[in-house]
Amino acid sequence: MEKLKERWGIESNWAIVAILIVFAINGSFSAWVAKPVTEFLGITRETVHPSWLYMPIRLLLIFPIYQITLPIVGWLFGQFKFFWNFEKKFLRRVGLGFLFKKEV
């Protein structure tokens, strides 16, 4: 626990527990949200040919949903600042850093 606290820059054990809970909840939540979104877009196992493409398409859709909902779910657990910084760092690493102002 001490290594995580140091690495993440947090001080309490509650914060670690809350962060881990947020990661778990958000993973399930984003997968749950992806189903109605894919149906709304007309992407179903029946409409995607070849049918094996359905799951990769759905996973590609889950990725941005996860990124959007992570700070929101984090906020519900009082960890918005941690997850906002986490998102900015992650998006910079995948080449989307231009979305955020450079911090001085």
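A nonpolar core is taken here as a set of buried Ala, Val, Leu, Ile, Met, Phe, Trp, Tyr and Cys residues joined through side-chain atoms within 4.5 Å, where buried means under 20% relative accessible area, exposed over 50% and partly exposed in between (1.4 Å probe, protein chains only). The model is predicted, so local features need pLDDT of at least 70 and side-chain atom pairs count only at pLDDT 80 or more, while totals for chains, interfaces and linings use all residues. Residues are numbered from 1 along each chain as its sequence is written, and side-chain values use heavy atoms, with hydrogens and water left out.

The largest nonpolar core has 10 residues in all: Ile 10, Ala 15, Ile 16, Ile 19, Val 22, Tyr 66, Leu 70, Val 73, Phe 82 and Phe 83. Two or more of these residues come from each of helix 2 (13-40), helix 3 and helix 4 (80-93), and helix 2 gives the largest share, 4 residues. Helices are DSSP runs of H or I, at least four residues, numbered from the N terminus. Leaving aside residues up to four places away in sequence, Val 22 touches Leu 70, Val 73, Gly 74, Phe 77 and Phe 83, contact meaning heavy atoms within 4.5 Å.

Gln 67 lies in helix 3 (residues 54-76) and counts as buried because its relative accessibility is 12%.

The structure holds 1 salt bridge, that is, a side-chain nitrogen of Lys or Arg within 4 Å of a carboxyl oxygen of Asp or Glu. Lys 5 pairs with Glu 2, the closest N and O atoms being 3.4 Å apart. Both lie in helix 1 (residues 2-8), 3 residues apart, about one turn of the helix. Lys 5 is buried at 13% relative accessible area, whereas Glu 2 is exposed at 55%.
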